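Please walk through this model with me, one feature at a time.

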There are 2 protein chains.
Amino acid sequence: MVNAGAMSGSGNLMDFLDEPFPDVGTYEDFHTIDWLREKSRDTDRHRKGASAYILNYLMYILWALLFAFLAVSLVRVFAPYACGSGIPEIKTILSGFIIRGYLGKWTLLIKTVTLVLVVSSGLSLGKEGPLVHVACCCGNFFSSLFSKYSKNEGKRREVLSAAAAAGVSVAFGAPIGGVLFSLEEVSYYFPLKTLWRSFFAALVAAFTLRSINPFGNSRLVLFYVEYHTPWYMAELFPFILLGVFGGLWGTLFIRCNIAWCRRRKTTKLGKYPVLEVIVVTAITAIIAYPNPYTRRSTSELISELFNDCGALESSQLCDYINDPNMTRPVDDIPDRPAGFGVYTAMWQLALALIFKIVITIFTFGMKIPSGLFIPSMAVGAMAGRMVGIGVEQLAYHHHDWIIFRNWCRPGADCVTPGLYAMVGAAACLGGVTRMTVSLVVIMFELTGGLEYIVPLMAAAVTSKWVADAFGKEGIYEAHIHLNGYPFLDVKDEFTHRTLATDVMRPRRGEPPLSVLTQDSMTVEDVETLIKETDYNGFPVVVSRDSERLIGFAQRRELILAIKNARQRQEGIVSNSIMYFTEEPPELPANSPHPLKLRRVLNLSPFTVTDHTPMETVVDIFRKLGLRQCLVTRSGRLLGIITKKDVLRHMAQMANQDPESIMFN
Amino acid sequence: MVNAGAMSGSGNLMDFLDEPFPDVGTYEDFHTIDWLREKSRDTDRHRKGASAYILNYLMYILWALLFAFLAVSLVRVFAPYACGSGIPEIKTILSGFIIRGYLGKWTLLIKTVTLVLVVSSGLSLGKEGPLVHVACCCGNFFSSLFSKYSKNEGKRREVLSAAAAAGVSVAFGAPIGGVLFSLEEVSYYFPLKTLWRSFFAALVAAFTLRSINPFGNSRLVLFYVEYHTPWYMAELFPFILLGVFGGLWGTLFIRCNIAWCRRRKTTKLGKYPVLEVIVVTAITAIIAYPNPYTRRSTSELISELFNDCGALESSQLCDYINDPNMTRPVDDIPDRPAGFGVYTAMWQLALALIFKIVITIFTFGMKIPSGLFIPSMAVGAMAGRMVGIGVEQLAYHHHDWIIFRNWCRPGADCVTPGLYAMVGAAACLGGVTRMTVSLVVIMFELTGGLEYIVPLMAAAVTSKWVADAFGKEGIYEAHIHLNGYPFLDVKDEFTHRTLATDVMRPRRGEPPLSVLTQDSMTVEDVETLIKETDYNGFPVVVSRDSERLIGFAQRRELILAIKNARQRQEGIVSNSIMYFTEEPPELPANSPHPLKLRRVLNLSPFTVTDHTPMETVVDIFRKLGLRQCLVTRSGRLLGIITKKDVLRHMAQMANQDPESIMFN
């Protein structure tokens with residue numbers, strides 16, 4: 001049985017329109033019926049049915065458009081950062097990038113409100129990804145209350161990692177899946193301490209969720225599934241096929257979606273986000289309404305597809321032909337031939353699948369909050385259920401075939417189509433996101449199907465392999481790339497044999513590195529240097545001749561220190577000597593008061609030698625989260641490598657455009 | 001119901017001794033009974049019962065001693081490394097230490113065989129921890145077949161991490177728990193690539209396990225549990241109490257066990273390992289046999305304790321007084337008053353608990369393979385079941401109390417004592433090992449109790465907090481410390497404000513750093529230096545005056561290079577100049593042929609400045625897995641920091657004896 005939780009969306013919207021009129025057209029006891037009236041009422045009923053259908057249809061579209069319009073307008077006016085799933089940006093932020101306002105209070109408020117609206121509008125999107133963004137906004141808000149976290153961007157990121165875990169924990173009722181999702185998919189730097197804190201955050205989130213009891217069943221589990229038969233070895237073959245399907249769909253989706261998003265960015269299309277949302281919503285509503293499998297909310301659909309047909313099941317998917325001789329009212333119903341309802345359901349599902357595949361490509365990436373988990377799972381669940389019914393009917397009608405003979409005797413319940421739906425959902429989600437461990441944990445926390453861990457794992461592994469064969473990037477990495485964020489992926493392996501000297505600046509022929517000397521430059525010299533360059537910082541050396549490195553000074557801190565000194569310290573003029581040493585240099589008697597700047601000098605800048613392989617340099621940048629690294633030879637400063645240089649070099653080595661890295 | 005899997009051990013050993021004699025002493029139809037004979041037979045039965053009991057008792061002890069003696073002798077003679085759980089050593093190996101033979105073929109063979117023997121001997125130990133060692137031996141064997149892994153100690157460690165995951169996967173039938181155990185508890189360097197590979201290894205392991213189907217029930221789950229009632233908010237209080245108990249037991253166990261193991265290491269006790277095993281086995285057998293809860297195998301015991309009393313349950317723990325008016329044969333039996341059997345079970349469990357707590361302290365660390373998972377879980381399960389029965393009876397007899405009134409109406413099934421056993425088991429395991437996420441995942445993979453994730457998490461968190469309050473080290477870290485392995489724990493935070501200059505050698509007053517110059521030392525100079533010192537390597541500088549660093553040469557490689565050159569290259573004599581530069585130095589005309597050693601020079605040694613905070617240095621050592629790091633100031637070489645220096649400094653800062661770090 002399936003315990004359908006989280007019934008959201010527009011499927012329930014129209015129920016009030018179908019109210020019957022009580023007692024109209026019934027007869028008193030001991031009266032004669034009016035044959036003619038009855039006949040016309042029958043026609044009436046058809047006519048009324050048709051007109052009620054059209055009315056519902058129109059209302060459905062109108063409500064959908066209204067909700068979508070409201071959502072896109074709110075996002076545009078109040079919080080442009082509230083759009084999308086937010087996961088690519090959160091990944092980038094956690095890797096050490098600053099996007100001001102992305103996790104702000106307005107984003108939190110607007111994303112929460114518009115998320116309800118877009119899910120209700122019946123668009124092909126989910127609320128789970130955006131909930132991670134919402135949770136990170138909360139995490140950011142709470143960390144701004146404590147100076148330990150608000151003043152340290154590293155500590156703040158630990159809180160955000162835990163918040164991401166809590167977000168998935170409430171989105172799916174999957175606390176452990178949430179922690180693993182944060183570890184595998186979202187976080188960059190994830191020490192064990194953060195694992196433990198994320199675990200605690202996810203615990204409290206799950207506990208709060210259970211106390212609120214939103215699904216009214218005292219369960220955390222969103223799509224609770226109880227199957228009555230184990231799976232058989234031979235079924236691994238269709239499961240792996242579903243894995244292949246998931247991988248292919250993932251590849252197709254990522255390619256098409258990225259192509260469409262690139263077109264949106266580069267053509268006029270991007271200038272009409274409201275119109276785009278309205279058009280897509282209208283198309284979705286018009287095509288979705290006639291098909292019962294697309295009309296309802298997607299979580300309801302997934303629930304039904306995961307369902308095992310029990311004895312009391314009234315779904316169209318469970319319309320099997322019962323053996324009249326068999327009367328036992330047990331759960332463990334043997335395989336039966338499919339009835340008319342099942343065949344109807346099959347072609348409706350096929351149409352729904354095609355529609356869902358196409359429309360999701362255009363929906364994800366619009367200027368509204370939109371998650372990808374639920375649509376991906378729906379695609380997989382539909383494909384899986386169809387394969388499952390196919391295998392079930394094949395096994396029923398051909399149980400003498402050699403592959404079925406060992407495990408499927410006539411009158412036995414051998415194939416559970418709902419399990420195929422579950423496996424298909426995992427495969428498609430895996431194909432799009434390239435999750436592995438977290439995917440399986442989320443799936444079995446979602447469904448409670450602990451027994452089916454091997455099929456889920458097999459499908460996840462196959463799906464990842466197939467998808468990786470066509471391109472290493474998951475949808476989130478693809479969007480990061482599309483937007484040119486400076487994200488140094490921990491998953492990519494750098495195996496080229498280049499050296500630090502090949503990547504560092506200045507290159508051969510370029511002007512020499514802009515450096516400061518420890519005690520021979522004037523305030524004016526430094527101000528000129530700052531004005532003429534836009535580097536984030538400058539290495540400080542003993543002298544231009546020896547070039548022995550003593551430290552690194554940040555541009556921001558230099559500017560502030562000079563400004564402060566000019567305002568507050570007397571005697572600091574343009575030709576004051578600046579010194580970074582402990583003691584002031586010996587100066588002629590009449591020279592102006594020197595300016596001590598040791599305070600802004602970082603005495604432990606990171607250095608590598610020019611012979612260090614880039615493989616090691618990339619590893620150091622990743623693991624220590626560096627922004628820049630100085631290159632020396634025999635103690636002499638040669639050059640500098642910034643994170644952007646590393647990213648450019650990696651793009652170049654992977655035959656991509658190095659200029660796609662846009663930020664610093 | 002509980003599906004008791006993995007019935008191992010000596011509990012089943014004696015069944016054949018109790019065989020009844022068929023048809024002896026029965027009467028034919030229509031015959032008169034012999035009253036006198038019947039009476040004497042009754043006495044007989046008592047006498048026979050007593051003598052059979054004594055016979056069984058003796059046989060039980062004999063078998064136990066035989067098995068234990070065989071096991072300890074095999075370990076002593078063939079593979080001394082096969083003793084213990086192996087997890088502390090594997091942690092150390094994975095952190096980058098070499099223990100030759102620890103993962104060898106003999107260890108694999110002997111540990112597998114003796115593990116069966118010690119579990120059968122009825123000692124208070126489990127097979128789960130040692131199975132991780134066994135799996136790592138297999139991993140090591142397979143990686144020795146492929147040069148990619150056998151020749152690279154880093155790659156080999158990636159395979160071992162995955163093997164550890166596979167080990168737990170088969171030990172508990174918990175593939176995801178295995179991956180997380182490897183991540184959280186065993187592995188040191190765990191990139192996402194390894195996560196993914198471990199996941200695959202665990203998948204194959206689980207799949208193979210399921211194909212072999214050792215428990216005969218097509219389930220992966222070891223202690224499958226199905227409870228019929230949800231848990232209630234108010235029950236969190238006893239769950240947290242169990243967490244506190246788990247934390248306290250963990251602390252007590254670690255302290256006592258380490259004290260005992262230290263005594264074994266430092267006194268004569270350590271010289272008689274065979275005798276020690278024999279004595280402990282004899283004591284265990286003598287005390288364990290009379291109590292039914294210690295006589296049986298520990299996994300059976302845990303199975304029974306996790307059990308929910310269904311209608312058909314015949315266990316003593318389920319001897320409740322049934323309401324005679326109630327006849328419905330449902331699963332969902334309301335709470336009933338405890339019967340005589342339950343009270344008997346309570347004091348037997350109390351005795352068993354005390355015995356288990358004491359004997360496990362002496363068992364873990366003996367020279368036989370011994371795991372700690374199952375004994376810890378048994379302690380927790382016994383305590384938990386007792387608390388559970390207590391709460392159940394309290395709720396039954398006082399359902400008008402304010403705390404029970406909301407959730408426990410008379411005639412309802414509100415308290416499940418088995419759940420308390422499960423929570424207690426998790427708490428005790430957490431207290432000993434300090435696992436968090438992996439613990440919860442293993443527990444719910446073990447039992448299938450996905451619904452009870454919040455109680456499990458609450459108990460695990462409490463247990464860790466309580467235990468951490470008394471000492472940060474889990475049992476495995478404590479044993480690493482006891483043995484003085486050079487293990488740089490990734491979990492410890494280093495927050496002291498010392499600098500690299502405080503830790504580096506040479507200290508003030510010590511002789512200067514032994515360095516090589518790039519082109520002015522003779523072969524003899526270097527040979528003398530190698531002879532007089534035992535350093536693992538030497539920094540190479542431009543000259544003794546400038547002290548500008550150009551690289552680092554390993555002792556081992558220097559020795560080999562000189563030996564090779566002396567044998568094969570003509571003209572290399574004791575006063576040949578050694579040079580590390582690209583070009584040979586200009587030498588007087590009659591000087592001997594110089595020796596080029598650039599090949600053995602590491603041109604990218606890791607350097608930090610003397611002002612680098614030790615917090616950063618520790619971080620660099622951990623994340624990059626360094627063995628040593630050179631310290632410079634303004635490009636000049638000042639000193640060196642080795643891993644041992646870092647460990648010593650950390651011990652000093654934590655007010656521990658720095659000389660407890662024994663290896664380099």
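M521(A) stands opposite M578(A) in β7(A). This is a predicted model, in which local features need pLDDT of at least 70, side-chain atom pairs count only at pLDDT 80 or more, and totals for chains, interfaces and linings use all residues. Residues are numbered from 1 along each chain as its sequence is written, chains are lettered from A and ligands numbered from 1 in the order in which they are written, and side-chain values use heavy atoms, with hydrogens and water left out.

β4(A) and β7 (residues 577-579) of chain A run antiparallel, joined by 2 bridges. Strands pair if DSSP finds at least two bridges between them; strands are DSSP runs (E, at least two residues), and helices are runs of H or I, at least four residues, numbered from the N terminus. The open sheet has 3 strands in the order β4-β7-β8 (chain A), with mixed pairing. β4 (521-522) and β8 (595-596) of chain A are the edges, each with a single partner strand, so one side of each has no neighbour in the sheet.

Now to chain B. The axes of α9 (residues 236-266) and α19 (residues 475-483) of chain B come within 10 Å and cross at roughly 25 degrees. Axes are lines fitted to C-alpha atoms, for helices over the stretch in contact, with angles from 0 to 180 degrees between N-to-C directions. α9(B) and α19(B) are therefore roughly parallel (angles under 35 degrees). Residues in contact (heavy atoms within 4.5 Å) include F253(B) and I254(B) of α9(B), and I475(B) and A478(B) of α19(B).

Methods. Angles under 35 degrees count as roughly parallel, over 145 as roughly antiparallel, 65 to 115 as roughly perpendicular and the rest as oblique.
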